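Student: I would like to learn how to read the features of a protein model. Could you walk me through one?

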Amino acid sequence: MDHLNDKIMKNLREDESLKNVTFIFDDCEIKANRCLLGASCPYFESMLFGNTNEANQTRIVLKSTSRIAFEKVVEFIHRREDIVSSLGSNDILELVKLAHEYQFDELLAFLEYAIVFDDYSVSFCVELFDTLEIIGSVDWKEECLLFLDSIFKIEANKRLFSSFSRTLVDQLTCRDSFLIKEVDLFYCLLEWKHESHDGLFSNLRLNLITINEFNQIVKPTNVIKADDYLEALIKNTFAKRDL
């Protein structure tokens, strides 16, 4: 019976004559098996078998969907093979968004497993974090933060830091594992020029800044009050950053 099931699924995935729905884009058409799509995720089940116009159509026009991302969704359903290696960073981000929109948890889990940050630019990791923040993928966000921890452990990159969203800044700088010298973090925060700076320095561990560093570097900027610094020193407010 297992052999028969495997044969049926193989035929459904690979037999071109069984692909009975076509999705139309400006520059191409993508054929797929309606039943396979419907069984893969809630989005396709609702579209192709629910009370929708598309449920009665064999040719469906998609106007606002990324063609490359959609093509990879269909490939994943039909072939269950590597769909990431041929994609650029922007296309991967579009694929992540589409998988979330389609409530396709298996595809999101596959992408989390398949994407190795060392194979991409740091900027890609930053953009992915912001995308994951929107869709609410907690575990994958943590992987992004761990990767950025490792980058800043080597070098406090002010230019890279300045590209971070406020959410990323706040979530990264509060971590014990964000192993950066506190005065270097001050420099990074000082050069971060986005929206309001309210509370921006709240994760700065003032008691880890030496008196000499405070007097020569921090105090002249008038960003941190001397009283706040002295209070942090006396109370030893923050623990050291440590793995």
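Tutor: We will go through a few features of this model, one at a time. This is a predicted model, in which local features need pLDDT of at least 70 and side-chain atom pairs count only at pLDDT 80 or more, while totals for chains, interfaces and linings use all residues. Residues are numbered from 1 along each chain as its sequence is written, and side-chain values use heavy atoms, with hydrogens and water left out.

Student: Where does T173 lie, and which residues does T173 touch?

Tutor: Helices (H or I, at least four residues) and strands (E, at least two) are DSSP runs, numbered from the N terminus. T173 is part of helix α10, residues 166–173. Contact means heavy atoms within 4.5 Å. Leaving aside residues up to four places away in sequence, T173 touches F161, F178, L185, N203 and R241.

Student: What lies 2.8 Å from a polar atom of the T173 side chain?

Tutor: A polar contact is a pair of N or O atoms within 3.5 Å; within protein, one must be able to donate a hydrogen and the other to accept it, and residues adjacent in sequence count only if both atoms are side-chain atoms. Here, the backbone oxygen of V169 is 2.8 Å from a polar atom of the T173 side chain.

Student: How many salt bridges does the structure hold?

Tutor: A salt bridge is a side-chain nitrogen of Lys or Arg within 4 Å of a carboxyl oxygen of Asp or Glu. The structure holds 13 salt bridges. One of them joins the side chains of D27 and R67, at 3.4 Å from N to O. D27 sits in the loop between β1 (21–24) and β2 (29–32), and R67 in helix α4 (residues 67–79), so this pair ties together parts that are 40 residues apart in sequence. D27 is exposed at 54% relative accessibility, whereas R67 is partly exposed at 27%. D27, R67 and E71 are also linked in a network of salt bridges.

Student: Which residue meets E29 in a salt bridge?

Tutor: The side chain of R59 does, at 2.6 Å from N to O. This pair links distant parts of the chain, with E29 in strand β2 and R59 in strand β3 (residues 59–61), 30 residues apart. E29 is partly exposed at 42% relative accessibility, and R59 is partly exposed at 44%.

Student: With which residue does E142 form a salt bridge?

Tutor: E142 pairs with R175, the closest N and O atoms being 3.0 Å apart. E142 lies in helix α8 (residues 138–154) and R175 in the loop between α10 and α11 (182–191), so the pair ties together parts that are 33 residues apart in sequence. E142 is partly exposed, with a relative accessible area of 33%, but R175 is buried, with 12%.

Student: How many disulfides does a search of the whole structure find?

Tutor: A disulfide is a pair of cysteine sulfur atoms within 2.5 Å. The search finds zero disulfides. The closest cysteine sulfur to that of C125 is in C144, at 4.1 Å, which is too far for a bond. C125 is buried at 0% relative accessibility, and C144 is buried at 0% as well.

Student: Which residues form a nonpolar patch on the surface?

Tutor: Patches are made of residues with over 30% relative accessible area and no salt bridge: like charges are joined within 9 Å, and nonpolar side chains (Val, Leu, Ile, Met, Phe, Trp, Tyr) within 5 Å. Accessible areas come from the Shrake-Rupley method with a 1.4 Å probe, and for residues, only the protein chains shown count as cover. The nonpolar patch is formed by I211, L230, L233 and I234, with about 400 Å² of accessible area together. Its largest share, three residues, comes from helix α13 (residues 226–235). I211 belongs to helix α12 (residues 211–218) and is exposed at 53% relative accessibility.

Student: What is the phi of N222, and where is N222 placed?

Tutor: N222 has a positive phi of about 60° although it is not a glycine. N222 is in the loop between α12 and α13, and is exposed, with a relative accessible area of 69%.

Definitions and conventions
Buried means under 20% relative accessible area, exposed over 50%, partly exposed in between (1.4 Å probe, protein chains only).
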